[in-house]
Amino acid sequence: MKVIKNYLYNAGYNILALILPLITGPYIGRVLKPEGVGINSYTNSLIQWFVLIAGIGISYYGNREIAYVREDKKKMTQTFWEIQILKVLMTVVAFFLFALFIQFYRKYYWYMILQSLNIVAAAIDISWLYMGIEDFKRTVIRNTMVKLASLAMIFIFVRDASDVGVYIVILALSLIGGNLTLWPHLRILLTKISIKELHPLRHFIPTVSLFVPQIATQIYLILNKNMLGIFAGATSAGFYNQSDALVKVVLGLVTATGTVMLPHVSNAFAKGETKKVNELLYNSFDFVSCLAIAMMFGLAAVSKYLGTMFYGPGFGPVGLALMIESIVIVLIGWSNVVGTQYLLPTNKVKSFTVSVVFGAIVNIILNFPFIYFWGLYGAVWATVLSELAVTAYQLWVVRYSVDLKKMFENFIKYLIAGVVMFVPVYYLELLWKPKDMNLQGIMYTGLEVIIGIAVYAIVLLILRPTILSKIKRFFVKKD
């Protein structure tokens, strides 16, 4: 029950981090226009490299290390402050490198200065501590208030196409404010410790080992936008970003299991409970497959006119990009289970690193010809194939240590249900053509979603995958 509650909280946390641009998307797309949206997307993709340096792999590493020592308050306090001090030091390095960068890169100079607030936000982000102790409720509740405040500020202060800088500042300040709200509780959570007992540099090498896969991951998350901005213009980068934003919201529900299960599996692994680790993997993989396949086919079915309806006139290309990119929902869902929920907590960091580096190499190789010949859609296909490479490698690595047949036992049933769902929903999308964010457009899209959920559920009830019996046992136990 605790894991399920944490999943729901973390799903809310992941979605909350992305929900602000999603809610404001229709408004921002119409006010800032494709050009303004593109400038924000492109400059943010550049600043993320410096944010990555400031974070230096601590999101995964800190989560895992806290989970290892959370039963000992003094050890947890020591571990927290050592890792956080290291993070502050790396933030200083990130700002130094950023200062050098803007001496040579003068385009969008002022926007880049404003985007640098995101580096500050990364420095004070201690959500990894709360994830390590499996306290997800606190982060969700506190960040909700901050996000709602920033939502109001966007509608009040962003009024025309010249307010791109205002929009950037509001988004960055919402991150800083949300991260600051997590600090007051430390006086209760941690204990006093002498500064002489802290040795932050001992964490440097281990964090770098997880920093490498994060860099590799960012290559095919950010490099596409960078290259689109260079070869096809900032507007194309904006189209890619808007498609990616919608996919990431859906992915927030799928990958929420990763952050929840990482400390849970890490704790089980530290206690030598190997059988429990594998059972957690099988159950999580089955749950993610059921959810991700439904979301992939569902999003693809409603995507044709979703770009125009959601973001406004001029965003038509987002529709096809969204349909193609929906494939990654399943691929990232699977790699999140195998990588984040199995390889990392069981300390198989090398295999995890190789998988994402392999994906980054595939992305780099494909990006040049794909973007050159097909622009936006080439970048999206490069992303899909990169994620396929990551997932395939991870499954190949674990083929002898886990039962792959057990992991995929319900896959065909979920696939059939997804295809059956896609057909009527896509037909309705073509029939109704919801292109405007008005009552009729929202109603049509809402009906498509409801029909899709109903069809998928009915087909599963007919095919009876094992996940249904697990759900039934859960509620029987609860009663």
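A residue counts as buried under 20% relative accessible area, as exposed over 50%, and as partly exposed in between. In this predicted model, Lys433 has a relative accessibility of 43%, so Lys433 counts as partly exposed. The same cut-offs apply to the residues discussed below.

## The chain as a whole

The chain contains 20 helices and zero strands. For 479 residues, a compact globule would have a radius of gyration near 23 Å, and the chain, with 22 Å, agrees with that. Along its principal axes, the C-alpha trace spans about 65 × 60 × 45 Å.

Of the 479 residues in the chain, 56% are buried. Among contacts with a separation of 6 or more, 85% are between residues 24 or more positions apart.

The chain has 41 positive and 23 negative charges.

## Residues and elements inside helices

Helix H15 covers residues 328-343 and bends by about 25° at Asn336. Since 16 of the 16 residues of H15 are buried, this helix is largely enclosed by the rest of the structure.

Asn224 belongs to helix H10, which covers residues 204-231. With a relative accessibility of 0%, Asn224 counts as buried. Asn224 and Ile193 are 31 residues apart in sequence, and their C-alpha atoms are 45 Å apart in space.

Lys33 is part of helix H1, residues 2-55. Its relative accessibility is 42%, so Lys33 counts as partly exposed. Leaving aside residues up to four places away in sequence, Lys33 touches Ile28 and Phe315. Lys33 and Lys470 are 437 residues apart along the chain, and 48 Å separates their C-alpha atoms.

Leu404 is found in helix H17, residues 404-407. Its relative accessible area is 26%, so Leu404 is partly exposed. Not counting residues up to four places away in sequence, Leu404 touches Leu395, Val398 and Arg399. Between Leu404 and Tyr282, 122 residues apart along the chain, the C-alpha distance is 8.9 Å.

The table lists the C-alpha distances given above.

| Residue pair | Separation along the chain | C-alpha distance |
|---|---|---|
| Lys33 and Lys470 | 437 residues | 48 Å |
| Leu404 and Tyr282 | 122 residues | 8.9 Å |
| Asn224 and Ile193 | 31 residues | 45 Å |

Most residues other than glycine have a negative phi.

Arg464 lies in the loop between H19 and helix H20 (466-478). Is Arg464 buried or exposed? Its relative accessibility is 56%, so Arg464 counts as exposed, whereas Lys433, at 43%, counts as partly exposed.

Methods
Residues numbered from 1 in each chain as written. Predicted model: local features only at pLDDT ≥ 70, side-chain atom pairs only at ≥ 80, totals over all residues. Heavy atoms only, no water. Helix = DSSP H or I, 4+ residues; strand = E, 2+ residues; numbered from the N terminus. Rg over C-alpha atoms; globule rule 2.2 N^0.38 Å. Buried < 20%, exposed > 50% of the residue type's maximum accessible area, 1.4 Å probe, protein only. Contact = heavy atoms within 4.5 Å. Lys, Arg positive; Asp, Glu negative; His and termini not counted. Charge placed at Lys NZ, Arg CZ, Asp CG, Glu CD. Bend = angle between axes of the 7 residues up to and from the residue.
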